[in-house]
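Biologist: Can we go through how some of the helices pack? Show me the model and then I'll ask.

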Amino acid sequence: MNYILLTQQGGILKPFAWALGKVFEIIYSMLDMVGIESIGLCIIIFPIIVRLFLLPSAIKQQKFTKLNALISPEITKIQNKYKGKKDQQSQLNMNAEIQAVYDKYGVSPAGSCLQLIIQMPILFALYRVIYNVPAYVGQVKEYYLTIINHLSPSQLKEYFNLTVDSVDKLTGTQINNIVDSLYGYSRVAKDFKLPEGVDLASIVQAIGNPKTDAAFNHINQINKFLLFDLQKSPQVMYSEGVKIAILIPVLAGLTQFILSKITMSLNKTATTKEMEENPMMSSMKTMNYVMPLMSMFMTWGFASALGIYWVASSTIMLIQQIGLNIYFKNISIDDIIAESKEKAEKKRAKRGFTANMISNAAAMNASLNENNNNNNSDVQLTRKQKEEQYEKAMEKYNSSISSDKNSISARANMVRDFENRKK
């Protein structure tokens, strides 16, 4: 009996978890070729490869962080300028001025969020692979299948409440759930949770077969890393006398804290007062202390495989961050701004826009809104009146721009006229 897949991550994370699982399996296979079977060593190598893959995204995020150190104080000043002004025109003017700041530096307000959105599904999928290794690594799965193949019908009934004549009658889903249960996967199906006091060791002892004993020894061997059992949490190991297990949550919190501090060092161009006035900066400062504490709490109660991965990943990110900081120290901020503006202009050009067209359109829109407020301060304009004022503003705007029939603006007007005639 040989089932290819176990209970892998489903939903939107499925393709990410599958791809990362393949990477993890390749690492395991390559180590196995040189006589090393170790999930712990795979966990150390795994984040190195993942971080190399995410390096371009990290560089983009670093650039945005460096630019944001200049942008944030300017935006804070604009927000303070319009503080307490809730009328529509003030809000429109404030948004226009804020957008102008972003345009000046050639970045998008969602620039940082976009990089995080790209990274988040990958990072979440990573944890799923680490937390349920047999679902993604065929060689590890085979050891558990060896044990399952020697279970008797009475043992299947006793341990998993399954009434079948033999193991061969089990479905693929049932096999997957049994392996999840034997591995200690936290999200195992409710009906397949082992009875209290029963674990893999007691099941193997009850079977009493040399092949299952050998498979069990291999499972213990590949799940041992230094003095830690990767399937047990630091809390459980500590209670069993392995006091050094406390190092896992301590190192997880410490590396996270140092990483946050080094990352925040990019924002030193902002003054202390400006940082205090900026709610975002204040929130980030708070998170620098909250996240390490959360890391310690989570890695204390979860399987140590996850904690070791957390420490390894944070350490690699820390090294990467130091390298990026050194790299960006030798690059002028003016060069970063020029590069950012050039890329932004190219994106606009592909969409048929130029910086001048955007500025003119923004000016026209602001003028139209101002006229609406001045002429109708106490009266709500009807839809028809708004359309008439818009048409007048468009006519005035069209007469002020180039009359060249081959210009982008002229072509845009031709398209607009054609669409209007179709209505």
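**Helix packing**

Modeller: α3 and α15 pack at an angle of about 55°, with their axes 11 Å apart. Axes are lines fitted to C-alpha atoms, for helices over the stretch in contact, and angles run from 0 to 180 degrees between N-to-C directions. Helices are DSSP runs (H or I, at least four residues), numbered from the N terminus. This is a predicted model, where local features need pLDDT of at least 70, side-chain atom pairs count only at pLDDT 80 or more, and totals for chains, interfaces and linings use all residues. Residues are numbered from 1 along each chain as its sequence is written, and side-chain values use heavy atoms, with hydrogens and water left out.

Biologist: What do you call α3 and α15, relative to each other?

Modeller: Oblique. Angles under 35 degrees count as roughly parallel, over 145 as roughly antiparallel, 65 to 115 as roughly perpendicular and the rest as oblique.

Biologist: Which residues of α3 and α15 meet?

Modeller: On α3, Leu55, Ala58, Ile59, Gln62, Lys63 and Lys66; on α15, Gln320, Gln321, Leu324, Asn325 and Phe328. Contact means heavy atoms within 4.5 Å.

Biologist: Where does α3 bend?

Modeller: At Asn68, by about 40°. The bend is the angle between axes fitted to the seven residues ending there and the seven starting there.

Biologist: Switching to α12, how does it pack on α15?

Modeller: α12 (residues 247-264) packs on α15 (residues 304-329) at about 25°, with the axes 9 Å apart. That makes the two roughly parallel.

Biologist: Who's in that contact?

Modeller: Among them are Leu251, Thr255 and Ile262 of α12, and Trp310, Met317 and Gln321 of α15. By class, the contact of α12 with α15 has 12 nonpolar residues, 9 polar and no charged. Ala, Val, Leu, Ile, Met, Phe, Trp, Tyr, Cys and Pro count as nonpolar, Asp, Glu, Lys and Arg as charged, and the others, Gly among them, as polar.
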